[in-house]
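Student: I have a structure open and would like to learn how to read it. Could you walk me through some of its features?

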Amino acid sequence: MSERPRSDRPDPVRTAVVLGGSHTGMLAASALAGFADRVVIVERDVLPAVPGPRKGLPQARHAHMLWSGGARAVEALLPGVTAELRDAGARRLPVTTDVVALSARGWFRRWPESHHVILAGRDLLDATIRARVLADDRVELLSGTEALGLTGTAAAVTGVRVRDSGGTEHTLAAGLVVDASGRGSQASRWLTRLGLPEPRHRVVDSGLAYASRLYLAPENARDGFPVVNVQPDPRGGGPGRAGFLLPIEDGRWIVTLSGTRGGEPSGRDDEFLPFARDRLRHPVIGDLLERAEPLSGVSFTRSTVNRRTFYERMPAWPENFTVLGDALAAFNPVYGHGLAVAAQCALALRDVTRRHGRAAPGLARRVQKAVARPVAAAWDLAIGQDVFYPGATENGPTLRDRRVAAYVDRLMLTATGNGRIARRVTDVTSLERRAETLLTPGTLLAAAVGPLKPRLTGPPLTAEERKAAGLT
């Protein structure tokens with residue numbers, strides 16, 4: 001992967017700077033390439049030239065999925081990239097056809113495809129997107145470079161101060177600065193230094209810990225195996241334990257186990273399988289891992305807090321600055337929405353800029369309001385469950401939280417035995433439609449009636465899948 005320093009001096013007004021070279025930052029750079037002479041990506045890490053780990057993305061060792069709402073946004077920004085991912089080994093799995101999931105209300109049936117997920121290791125996903133973005137001559141990468149702060153005033157941002165790997169500091173003048181720096185974003189502090197008020201924040205911390213491990217699937221289960229998901233039941237009042245088994249490239253499974261306060265998995269290799277087999281609500285993931293070959297040690301993290309900053313509600317917002325992705329809202333990764341929300345934010349950035357024009361007054365504020373929509377959808381899905389775990393918030397769930405959760409719980413029960421409602425639910429969880437689709441008269445009536453088919457008594461693996469995985 002080459003970095004292309006520029007000897008010319010483009011007009012700063014026609015220069016965009018993106019802070020962060022991960023998934024969000026690369027997609028944001030692609031979104032802006034049609035409106036700028038030069039897009040500069042500022043990234044603290046030195047990014048690998050091929051799929052591989054990097055220091056600033058420890059979460060890459062855990063399970064990731066790109067819901068269809070995000071996959072469509074990525075494809076809109078980078079036409080053909082989905083095919084490139086699949087050619088490189090990424091899997092496209094239909095939802096809920098190839099999903100074996102135990103919800104709080106029972107096993108979901110495997111209904112005909114309504115949506116899909118793209119599954120790949122994070123290294124492969126990032127490298128494929130990065131190669132496409134950096135192939136554009138308008139995009140320049142400054143790796144090994146740290147962003148120090150914004151320049152400008154409370155009315156308008158004019159650039160960003162940076163420090164390169166040699167310790168030299170300088171200013172990148174820009175007509176637009178995008179913060180895509182992730183969970184460690186300093187945007188709130190930078191804005192207050194410019195004289196703007198402190199934005200409102202909300203934090204919901206379920207105390208979740210994550211442990212992940214990579215496996216080689218049994219030989220006959222290396223192609224076409226479904227996702228397997230054992231979800232927690234927050235209604236029990238105790239810790240919530242969950243497990244994900246995702247089939248990714250090269251016949252591998254990436255398995256992530258999680259637990260909230262008092263029910264956390266261990267970071268020890270020898271305790272991974274026992275947790276999957278004995279501590280989840282069903283032992284199916286543990287049974288599958290008994291016959292798989294470990295390829296890595298256990299990776300452990302507690303970086304799972306839901307944290308949102310309501311920049312769109314600030315009474316004033318500077319021109320030429322916007323915040324996207326995890327820098328705007330970071331979600332508990334167990335719900336798999338971070339990648340999709342980032343892609344939808346980048347697409348909104350492109351579409352709003354195209355609609356109003358790069359030089360339109362108030363453009364940055366319009367973008368900030370637009371990206372709040374996909375963020376809000378994923379936020380409600382994430383905190384709708386997490387807020388009920390002990391200690392997740394200072395004051396516990398609000399009345400609205402309780403009412404929404406009661407209705408969602410009824411929908412989940414209905415979805416176990418009603419294919420139409422299962423599709424409506426996945427319309428929302430895939431981030432393809434807004435939550436209002438769950439409030440139509442037909443959906444409300446179906447929820448009142450409940451499931452139309454009897455409850456399944458075990459995981460809906462087919463006989464062929466059981467045989468391939470060595471379960472029979």
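Tutor: Gladly. This is a predicted model, in which local features need pLDDT of at least 70 and side-chain atom pairs count only at pLDDT 80 or more, while totals for chains, interfaces and linings use all residues. Residues are numbered from 1 along each chain as its sequence is written, and side-chain values use heavy atoms, with hydrogens and water left out.

Student: Let's start with helix α10. Which of the residues of α10 are buried?

Tutor: Two ideas come in here. Buried means under 20% relative accessible area, exposed means over 50%, and partly exposed lies in between, with a 1.4 Å probe and protein chains only. Helices (H or I, at least four residues) and strands (E, at least two) are DSSP runs, numbered from the N terminus. In α10, the buried residues are Asp401, Leu411, Leu413, Thr414 and Ala415.

Student: What covers the buried residues of α10?

Tutor: Contact here means heavy atoms within 4.5 Å. The cover includes β13 (201-204), α9 (363-386), α11 (419-429) and α12 (441-449). Look at Thr443, which is found in helix α12. Thr443 is buried, with a relative accessible area of 1%. Leaving aside residues up to four places away in sequence, Thr443 touches Tyr407, Leu411, Arg420, Ile421, Arg424, Thr437 and Leu438.

Student: What should the 17 residues of α10 span?

Tutor: The expected span of a helix is 1.5 Å times one less than its number of residues. For α10 (residues 399-415) that gives 24 Å, and the end C-alpha atoms are 24 Å apart, which agrees.

Student: Why is helix α1 described as largely enclosed?

Tutor: Helix α1 (residues 23-32) has 10 of its 10 residues buried, so the rest of the structure largely encloses it. Among them are His23, Met26, Ser30 and Leu32.

Student: How many salt bridges does the structure hold?

Tutor: A salt bridge is a side-chain nitrogen of Lys or Arg within 4 Å of a carboxyl oxygen of Asp or Glu. The structure holds 30 salt bridges. One of them joins the side chains of Asp37 and Arg14 at 3.5 Å, N to O. Asp37 lies in the loop between α1 and β2 (38-42) and Arg14 in the segment before β1 (15-19), so this pair ties together parts that are 23 residues apart in sequence. Asp37 is partly exposed at 39% relative accessible area, and Arg14 is partly exposed at 34%.

Student: Which side chain meets Arg302 in a salt bridge?

Tutor: That is Glu264, at 3.6 Å, N to O. This pair links distant parts of the chain, 38 residues apart: Arg302 in the loop between β19 (299-301) and β20 (306-309), and Glu264 in the loop between β17 (252-259) and α6 (272-278). Glu264 is partly exposed, with a relative accessible area of 28%.

Student: Now a sheet, please. In what order do the strands of the open sheet come?

Tutor: Strands of a sheet pair through backbone hydrogen bonds, either parallel or antiparallel. Two strands count as paired if DSSP finds at least two bridges between them. Here 3 strands form an open sheet in the order β13-β20-β22, with antiparallel pairing. At the edges stand β13 and β22 (329-330), each with a single partner strand, so one side of each has no neighbour in the sheet. Between β20 and β22 there are 2 bridges, and the bridge partner of Arg307 in β22 is Ala330.
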